[in-house]
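Please look over the sequence and the structure shown here before reading on.

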Amino acid sequence: MRPADILTLTPAGLFCPPGDFHVDPVRPVARALITHGHSDHARAGHGAVLATAETLGIMGVRYGEAFAGSTQIATYGEPIALGPVRVTFVPAGHVLGSAQIIIEAGPTRIVVSGDYKRAPDPTCRAFEPVSCDVFITEATFGLPVFRHPAPGAEIAKLLQSVALFPEQAHLVGAYPLGKAQRLIALIRETGYERPIYVHGAMERLTDYYVAQSVQLGDIRLVRAEGRAALGGAIVICPPGALQDLWARRFPDPVAAFASGWMRVRARARQRGVELPLVVSDHADWDDLCTTIVETGAEEVWVTHGQEDALVHWCLLNGIKARPLHMLGYGDEDATEAPPAASGQAGGLDSTPAVQVATGRVPGPGRPREGEPSP
Ligand SMILES: [Zn+2]
Ligand SMILES: [Zn+2]
């Protein structure tokens with residue numbers, strides 16, 4: 001069977017005709033395989049859902065236990081037969097429970113990687129490269145300008161600012177699923193033992209991580225504390241909360257935001273972020289290219305993001321490649337509206353190429369990136 005007969009593009013997303021299933025469909029379908037719990041990939045209303053136990057757990061937290069007609073657990077590394085096709089879930093290193101899905105039909109092997117990263121993350125299993133004929137990848141940060149620094153260096157920036165301004169609360173915007181819990185775990189790795197406060201919108205997902213034995217230390221809810229306790233504290237909140245009325249309860253807070261997009265200064269400025277932290281749950285340019293080479297794939301399909309640049313890179317390196325221009329997927333920025341996902345297709349409103357260009361020209365008199373304002 002040719003790869004195009006094993007996996008085709010439909011309005012609902014990638015579809016496997018011989019196995020009769022979709023992967024991460026953006027519309028309700030009869031049978032869905034879900035790579036991970038982010039709202040642009042995991043939607044409610046499918047007939048049957050096959051995913052890792054953690055992804056099913058996350059979907060239950062977000063949508064309620066009746067999010068699908070039926071569910072089946074996929075265990076990492078254990079093949080499951082679906083008609084003439086075999087599927088195997090393998091760690092993707094993106095968020096808790098995230099998986100790449102290997103689809104095998106006869107001798108042909110296709111890997112749908114979902115979202116993935118190669119950088120260290122204490123909250124989930126590390127990405128495992130799988131050799132394959134066709135590798136399907138995202139390209140959220142698929143431009144050479146996107147090189148994520150080591151997460152430890154970004155956490156050190158945050159802790160330096162906390163030491164420098166011990167009276168000020170540090171509000172750190174982070175997506176409620178994955179990034180928030182990863183930041184807390186990375187902060188704990190440095191030996192920081194004080195309570196870390198979380199916004200109510202991340203309470204249930206954070207509790208779910210803890211219930212899955214992810215060590216996060218002393219976590220407290222902001223709403224349970226008086227103002228006095230919050231001076232000098234680290235507070236993790238959804239990005240939108242930084243500009244909310246909610247943020248006004250903190251006297252003179254320092255606004256931080258942890259995202260791969262913080263590489264783009266214009267984005268940090270737009271959001272009023274004083275302390276941009278470049279911490280991403282997606283592969284950067286180097287890791288996208290390295291991963292493609294490691295899979296040994298003869299052919300690459302690019303689902304969304306900066307498809308053209310990555311396709312061009314593949315072609316230059318003798319690898320067949322094509323952009324799928326898939327709609328309905330974005331970085332979690334576009335879709336992950338706190339506190340709960342709406343299930344709507346996310347708007348791909350971000351045009352990073354343009355914004356990167358803008359980011360190269362800092363406005364006059366701006367504080368330098370990474371420096372907290374006085
Ligand atoms: Zn994701
Ligand atoms: Zn995504």
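This is a predicted model: local features need pLDDT of at least 70, side-chain atom pairs count only at pLDDT 80 or more; totals for chains, interfaces and linings use all residues.

The largest nonpolar core holds 103 residues, among which Ile 103, Val 172, Leu 183, Val 235, Ile 236 and Ala 256 touch the most other members. At least three residues of this core come from domain 1 (3–145 + 281–343), and at least three from domain 2 (151–277). Leu 183, when its neighbours within four places in sequence are left aside, is in contact with Val 172, Ala 174, Ile 236, Ala 258 and Val 279.

Strand β18, which spans residues 299–305, is mostly covered, since six of its seven residues are buried.

| Strand paired with β18 | Sense | Bridges |
|---|---|---|
| β11 (residues 134–139) | parallel | five |
| β19 (residues 320–323) | parallel | four |

Trp 301 of β18 stands opposite Ile 136, and Trp 301 also stands opposite Arg 322 in β19. Between β18 and β19 the chain passes through helix α9 (residues 307–316), and this β-α-β crossover is right-handed.

Within α9, the buried residues include Glu 307, Ala 309, Leu 310, Val 311, Trp 313 and Cys 314. The buried residues of this helix pack against the strands β11, β18 and β19, and also against α8 (285–295). Just after α9, Gly 318 takes a positive phi of about 75°.

How values were computed:
Residues are numbered from 1 along each chain as its sequence is written. Chains are lettered from A and ligands numbered from 1 in the order in which they are written. A nonpolar core is a set of buried Ala, Val, Leu, Ile, Met, Phe, Trp, Tyr and Cys residues joined through C-beta atoms within 7 Å. A residue is buried if 20 or more other C-beta atoms lie within 10 Å of its own, exposed if 12 or fewer, and partly exposed in between; C-beta atoms are placed from the backbone. Domain bounds come from an automatic or database domain assignment. Two residues are in contact if their C-beta atoms, placed from the backbone, lie within 7 Å. Helices (H or I, at least four residues) and strands (E, at least two) are DSSP runs, numbered from the N terminus. Two strands pair if DSSP finds at least two bridges between them. A crossover is right-handed if, with the strands pointing away from the viewer, the path from the first strand over the helix to the second runs clockwise.
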